[in-house]
Amino acid sequence: MPVDTRNAVSRAAKHTLGLSVRMQDGMAQPRGVHVTVEASYDGGRSWAAAVSARKGSGYTAAVERPAHLRGNA
């Protein structure tokens, strides 16, 4: 996630992340992987689900800031 020095993302409401899943070197490729992504905008007190999808050999997740939050969060 592209964050600044305060660990904040840009003012854009939606961010897309690229994700990959792998085992440590020497282990077999993982199978039956399911990815769940959540984001917190209040220091971890609550979490919002992101939409994730398979893309090529990895995944993407669309994280969207809730409408009630303003500015960098």
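1. A residue counts as buried when its relative accessible area is under 20%, as exposed when it is over 50%, and as partly exposed in between (1.4 Å probe, protein chains only). At 24% relative accessibility, S40 is therefore partly exposed.

2. The model is predicted: local features need pLDDT of at least 70, side-chain atom pairs count only at pLDDT 80 or more, and totals for chains, interfaces and linings use all residues. Residues are numbered from 1 along each chain as its sequence is written, and side-chain values use heavy atoms, with hydrogens and water left out.

3. S40 belongs to the loop between β2 (38–39) and β3 (48–49); strands are DSSP runs of E, at least two residues in length, numbered from the N terminus. Leaving aside residues up to four places away in sequence, S40 touches R45, S46 and W47, where contact means heavy atoms within 4.5 Å.

4. The largest nonpolar core has 8 residues: L17, V35, V37, A39, A50, Y59, A61 and V63. Such a core is a set of buried Ala, Val, Leu, Ile, Met, Phe, Trp, Tyr and Cys residues joined through side-chain atoms within 4.5 Å. Strand β5 (residues 58–64) supplies the largest share, 3 residues. A50 touches V37, E38, A62 and V63, not counting residues up to four places away in sequence. In soluble globular proteins, nonpolar side chains tend to be buried together.

5. Two strands pair if DSSP finds at least two bridges between them. Strand β1 (residues 14–19) pairs with β5 in the antiparallel sense over 6 bridges, and L17 stands opposite A61 in β5. Strand β4 (residues 51–55) also pairs with β5 in the antiparallel sense, over 5 bridges. R54 stands opposite Y59, while the bridge partner of K55 is G58.

6. The hairpin of β4 and β5 has 2 residues between the strands, and G56 takes a positive phi near 60 degrees there. How many of the 5 residues in β4 are buried? The count is 0, and β4 is hardly covered.

7. The lining of the second largest pocket includes R54, S57 and Y59. By class, this lining has 7 nonpolar, 2 polar and 2 charged residues; Ala, Val, Leu, Ile, Met, Phe, Trp, Tyr, Cys and Pro count as nonpolar, Asp, Glu, Lys and Arg as charged, and the others, Gly among them, as polar. On a 1 Å grid over the protein atoms alone, a pocket is an open set of points where a 1.4 Å probe fits, with protein on both sides within 12 Å along at least five of seven lines; lining residues have an atom within 4 Å of a point.

Technical notes: Helices (H or I, at least four residues) and strands (E, at least two) are DSSP runs, numbered from the N terminus.
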